[in-house]
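Subject: Structure for your review

Hello,

The structure is below, with notes on what was found in it after that.

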Amino acid sequence: MKAVFQIKALSFLLCAVLLSTAAMAQSPHKGVKGTVAGADITIRYGSPFVKGRKIWGGLEPYGKVYRAGADSATTFTTDKDITVEGKKLAKGKYAFFVIPVEKGKWTVIFNKTAEQWGAFKYDQAQDALRVMVTPKAHAMTESLTYVFSKSGFSMDWDKISIPVSIK
């Protein structure tokens, strides 16, 4: 009887260790809120770390749709119609993607299928808006971060900032 109890206790302990290790391996999930051009905007995302890896053109290949975070696709919600990089975006909730390129402007995408896992089932036909933005060199940012400003927001990660203007 004592041996059965010890086996159960050891099994429980082993499961707890494995689950906590798996949880720590995932990227933290974050959300930021800001008000830009009179609209309340929320961005929810998984925040991966650089951890010494080559991010752009490595972990995240050039020319491919990237979920702009970790795990589920990043979501972008606005409570009012806004203008993004000079183009109209209706109020609502969207998946937010980027297409990085080695040189030149990056594509920023607001997709109508807000809740999706990564970019695995990304469907361009569901895009509500695509705009082009110019990436900027940025101080090293270990953890992917979204930052609001008076003129919009940026996605900062590694040594790149992707500024998106909103009016």
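The protein chain exposes about 9,700 Å², of which carbon and sulfur atoms supply 60% (Shrake-Rupley accessible areas with a 1.4 Å probe; for residues, only the protein chains shown count as cover). This is a predicted model, in which local features need pLDDT of at least 70, side-chain atom pairs count only at pLDDT 80 or more, and totals for chains, interfaces and linings use all residues. Residues are numbered from 1 along each chain as its sequence is written, and side-chain values use heavy atoms, with hydrogens and water left out.

The average pLDDT (the predictor's confidence in each residue, from 0 to 100) is 89 for the protein chain, and 84% of the residues score at least 70. Over residues 9–24 pLDDT stays under 50, and the model has 0 contacts there beyond four places in sequence (contact: heavy atoms within 4.5 Å). Where pLDDT is low, the predicted coordinates should not be read in detail.

The protein chain has 1 helix and 10 strands (DSSP runs numbered from the N terminus: H or I, at least four residues, for helices; E, at least two, for strands).

Of the 167 residues, 40% count as buried (under 20% relative accessible area, 1.4 Å probe, protein chains only).

Regards

Methods. Buried < 20%, exposed > 50% of the residue type's maximum accessible area, 1.4 Å probe, protein only.
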